[in-house]
Number of protein chains: 2
Amino acid sequence: MTEYLARVRQAGCRLTKARRAIIAYLQAHNEPQTAASVHRGLRGMRTDLASVYRTLELLERLGVVNRESDGKTAAYAFADRHHHHIVCRGCHRKACLPCALRLPSPRGFSAVQHQVVLTGVCASCALSA
Amino acid sequence: MTEYLARVRQAGCRLTKARRAIIAYLQAHNEPQTAASVHRGLRGMRTDLASVYRTLELLERLGVVNRESDGKTAAYAFADRHHHHIVCRGCHRKACLPCALRLPSPRGFSAVQHQVVLTGVCASCALSA
DNA sequence: CGACTATTGCGAACCATTTGCAATTATAGT
DNA sequence: ACTATAATTGCAAATGGTTCGCAATAGTCG
């Protein structure tokens with residue numbers, strides 16, 4: 001049982017087939033996945049898209065995954081694979097970046113978590129502009 | 001004519017009443033505003049919500065405003081008022097933070113813009129936990 | 001002022017996400 | 001193992017933010 005499944009269990013939630021499959025799917029993919037792509041990846045089982053959403057929301061609540069949103073569609077990835085992405089405003093392709101955030105610890109706040117959304121114009125889009 | 005209006009003009013776009021009003025509304029409010037709240041703020045005129053969206057999209061394309069999204073609803077604020085927020089996971093109150101992001105310039109990308117979503121636990125929520 | 005074209009308002013479409021509910025299934029206790 | 005019970009699911013329909021097509025309107029330039 002992976003640590004992720006254990007966290008679900010510790011929260012008093014059940015380890016259903018759908019939850020196992022969704023976690024396994026996320027583990028098998030490095031890039032953040034949308035609910036739709038997770039659902040597509042599980043098309044062998046008859047798992048409803050709504051259940052995918054419910055599971056992802058649960059995992060986010062437990063702090064297992066992070067939800068990243070570009071404003072349209074949300075994408076989810078394991079929190080312990082923490083890094084950032086930059087999205088090209090031209091072609092929408094993504095690149096990964098190590099986390100280089102050095103924030104002065106915000107006064108009075110503890111357990112701070114962050115999410116960074118970067119956009120830019122990639123080299124090939126800059127040329128064709 | 002404010003600098004913002006000038007930027008619109010320089011881009012070869014017309015200075016319509018709706019655009020003036022939307023820019024004025026954003027200037028009058030420090031916190032990022034949603035399309036819906038801008039629209040509500042303009043209820044004196046008969047400006048359509050779709051036009052609000054179109055204008056905000058234009059301003060974003062021109063780099064005049066930033067679009068910030070918490071995953072559900074997008075909010076817009078002038079790019080030159082750039083700063084960040086931290087939200088308490090307990091009481092959901094917000095605090096403002098200066099921007100202290102110092103990213104190594106991502107290889108090959110230009111015109112990089114960023115958005116940071118921070119959450120934490122504020123002092124009073126930490127006590128009551 | 002008049003012509004030309006960008007922009008608007010309106011309505012409807014779109015799409016991601018959420019919700020209500022009856023049927024199913026994981027789990028704890030026996 | 002078996003059962004009781006409550007959590008979870010699938011389905012279908014609703015929701016809500018955002019976008020689009022198009023005819024009417026209104027900036028802007030000469």
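In the predicted model, helix H1 of chain B passes helix H2 of chain B in a right-handed crossing. The two helices, H1 with residues 3–10 and H2 with residues 17–27, pack at an angle of about 145°, and their axes lie 10 Å apart. On the side of H1(B), the contact is formed by Tyr4(B), Leu5(B) and Val8(B), which meet Arg20(B), Ile23(B) and Gln27(B) of H2(B). By residue class, this contact of H1(B) with H2(B) is made up of four nonpolar residues, one polar residue and one charged residue.

In chain A, an open sheet of three strands is found, with the order E1-E3-E2 and antiparallel pairing. Strand E1 (33–34) and strand E2 (65–69) of chain A form the edges of this sheet, each pairing on one side only. E2(A) and strand E3 (residues 74–78) of chain A run antiparallel and are joined by five bridges; in this arrangement, Ser69(A) stands opposite Ala74(A) of E3(A). Helix H2 of chain A packs on the sheet and touches E1, E2 and E3 of chain A, while the direction of H2(A) makes about 85° with that of E3(A).

Both chains contribute to the surroundings of DNA strand D, where 21 residues are found, the closest being Arg19(A), Arg46(A), Ser51(A), Leu15(B) and Tyr53(B). Of the atoms of DNA strand D that come within 4 Å of the protein, 63% belong to sugar and phosphate. The residues of the surface near DNA strand D comprise 10 charged, seven nonpolar and four polar ones.

Individual polar atom pairs involve both the phosphates and a base of DNA strand D. From chain B, a polar side-chain atom of Arg54(B) is found 3.3 Å from a base oxygen of DNA strand D. With regard to secondary structure, the elements that give two or more residues to the surface near DNA strand D are helix H2 (17–27) and helix H4 (49–61) of chain A, together with helix H4 (49–61) of chain B. H4(B) gives the most to this surface, with four residues.

Note on methods. Residues numbered from 1 in each chain as written. Chains lettered and ligands numbered in written order. Predicted model: local features only at pLDDT ≥ 70, side-chain atom pairs only at ≥ 80, totals over all residues. Heavy atoms only, no water. Near = heavy atom within 4 Å. Polar contact = N/O pair within 3.5 Å; in protein donor to acceptor, adjacent residues only side chain to side chain. Nonpolar A, V, L, I, M, F, W, Y, C, P; charged D, E, K, R; others polar. Pairing = 2+ DSSP bridges. Contact = heavy atoms within 4.5 Å. Axes fitted to C-alpha atoms, helices over the stretch in contact; angles between N-to-C directions. Left-handed = near helix turned anticlockwise from the far one by under 90°.
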